[in-house]
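Biologist: Could you take me through this model one part at a time? I would like to ask questions as we go.

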Amino acid sequence: MGATVTTAATKEKIWEGGEDIHPLGASYGKMMMWFFILSDSLTFAGFLAAYGFTRFKFMDSWPIADEVFNHFPFMHGVDAPMYYVALMTFILIFSSVTMVLAVDAGHQMKKKKVATYMLLTIVGGLVFVGSQAWEWKNFITGTYGAVETRGGEILQFVDKDGKRLALADFADTTMAREDAALTKNKGVWGMSGGSNTSVSLSQVKAGLEKNPDVLIRTQHTVPGNKHEKITLNREQTLKRANDFKFVVEGANLVRNEYGHKSFGDLFFFITGFHGFHVSVGVLLNIIIFFNVLLGTYEKRRTYEMVEKVGLYWHFVDLVWVFVFTFFYLV
């Protein structure tokens with residue numbers, strides 16, 4: 001019966017997570033962080049690929065990003081397409097710069113500089129997460145409202161010059177709501193056009209008939225121009241009114257006022273998943289920041305933990321660049 005002999009020479013080739021042997025020049029902790037980043041990258045790649053295929057399939061009915069993400073804090077009613085999203089992106093990318101500076105200061109064993117740059121990174125992350133929450137609030141609340149047809153198409157409203165109109169701008173609110181008796185138990189928010197919406201379906205229909213300058217804009221784009229939706233003439237508008245089924249205000253996981261239903265689902269899921277990653281990153285940064293203040297890494301004579309959390313932070317920043325490109329720019 002043979003015996004297996006382990007010599008010192010063979011044991012040196014086995015990495016057991018110790019500090020003596022570093023594959024690729026990285027410690028055990030940094031290697032594990034790289035493995036996590038690789039696996040999470042594949043997850044995000046799958047989500048974005050699904051978004052790309054879905055958008056390609058429904059390209060003619062996909063919402064126009066400049067019209068959806070056009071809000072800016074304290075500038076109500078001002079059309080500012082992508083301004084705030086661009087500012088959010090700049091803040092997140094700048095937080096990567098401060099993280100780099102924190103890592104560099106750690107290599108030089110400069111405790112105060114590490115703490116300062118870590119604090120700036122935390123502030124940048126908190127501002128980004130808060131901005132994303134604000135953007136979600138506007139996305140969920142909506143601005144103009146729309147109606148959904150029996151076939152599931154979203155119809156928006158414009159004036160004769162092509163300017164978007166909110167439902168409240170033309171709906172006949174002088175007439176009694178036919179859904180006044182509906183309660184939350186009988187109606188569904190943003191779906192049935194019931195008492196949860198600001199106007200009822202009958203009020204929208206009545207207002208459409210009384211205002212000759214109101215036209216319907218479909219969710220489909222003009223052939224050859226993905227930045228312009230098809231607007232119906234007055235005769236076609238009145239004819240389509242017979243297909244109205246739901247009043248839709250804002251967005252939820254069932255439907256949204258902006259266009260194709262899948263747009264809202266993918267937006268909530270992908271940006272929410274990324275926002276969760278940023279929130280975790282902020283929490284990790286806060287923990288590391290307090291350890292820096294307590295002198296934990298000074299005692300260890302290494303700030304490698306700052307470098308590890310820095311790898312994660314750069315990863316979530318890079319992922320946002322792709323999310324920003326797919327959702328907002330393309």
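This is a predicted model: local features need pLDDT of at least 70, side-chain atom pairs count only at pLDDT 80 or more; totals for chains, interfaces and linings use all residues.

Biologist: Which residues does UniProt list under "transmembrane region"?

Modeller: The UniProt entry, which is unreviewed, places that feature at residues 32–53, 82–102, 114–134, 266–290 and 311–329. Residues 266–290 are also 100% helix and 0% strand, with their end C-alpha atoms 36 Å apart.

Biologist: How many residues does α9 have, and how far does it reach?

Modeller: α9 has 33 residues and reaches 48 Å from its first C-alpha to its last, close to the 48 Å expected at 1.5 Å a residue. After α9 comes Gly295, whose phi is positive, near 80°.

Biologist: Let us step back. How many helices and strands are in the protein chain?

Modeller: The protein chain holds 11 helices and 5 strands. It has 330 residues, of which 44% count as buried. If we take contacts between residues at least 6 apart in sequence, 69% join residues at least 24 apart.

Biologist: Which residues have the most contacts inside the largest nonpolar core?

Modeller: They are Phe69, Phe139, Val306, Phe327 and Tyr328, in a core of 51 residues. Helices α2, α3, α4, α5, α9 and α11 each supply at least two residues of this core. The largest share, 13 residues, comes from α11.

Biologist: What does Phe327 touch?

Modeller: Not counting residues up to four places away in sequence, Phe327 touches Tyr51, Ala65, Phe69, Phe263, Leu266, Phe267 and Ile270. Apart from this core lies another, of 17 residues, including Leu155, Phe170, Ala171 and Ile216.

Biologist: Let us turn to the strands. Why is β3 described as largely enclosed by the rest of the structure?

Modeller: The reason is that 6 of the 8 residues of β3 are buried. β3 pairs with β2 in the antiparallel sense over 3 bridges, and Val158 stands opposite Leu215 in β3. β3 also pairs with β4, again antiparallel over 3 bridges, and there Thr221 stands opposite Lys229.

Biologist: How many residues lie between the strands in the hairpin of β3 and β4?

Modeller: That hairpin has 2 residues between its strands, and Gly224 takes a positive phi near 85° in it.

Biologist: Which strand is joined to β5, and by how many bridges?

Modeller: Strand β1 is joined to β5 by 4 bridges, and the two run antiparallel. Ala146 stands opposite Val248 in β5. β5 is mostly covered, since 4 of its 5 residues are buried.

Biologist: What covers the buried residues of α7?

Modeller: The cover includes β1, β2, α6, α8 and β5. The buried residues of α7 are Leu201, Gln203, Val204, Ala206, Gly207 and Leu208.

Biologist: One last topic, phi angles. What is phi in Met109?

Modeller: Most residues other than glycine have a negative phi. Met109 is not a glycine, yet its phi is positive, near 60°. Met109 is in the loop between α4 and α5, and at 23% relative accessibility it counts as partly exposed.

Biologist: Where is Arg301, and is it buried or exposed?

Modeller: Arg301 is in the loop between α10 and α11. At 57% relative accessibility, Arg301 counts as exposed. Arg301 has a positive phi of about 65°, although it is not a glycine.

Terms used:
Residues are numbered from 1 along each chain as its sequence is written. Side-chain values use heavy atoms; hydrogens and water are left out. A nonpolar core is a set of buried Ala, Val, Leu, Ile, Met, Phe, Trp, Tyr and Cys residues joined through side-chain atoms within 4.5 Å. Buried means under 20% relative accessible area, exposed over 50%, partly exposed in between (1.4 Å probe, protein chains only). Contact means heavy atoms within 4.5 Å. UniProt positions are given in the numbering used here, feature names are shortened, and annotations may be inferred rather than shown by experiment. The expected span of a helix is 1.5 Å times one less than its number of residues. Two strands pair if DSSP finds at least two bridges between them.
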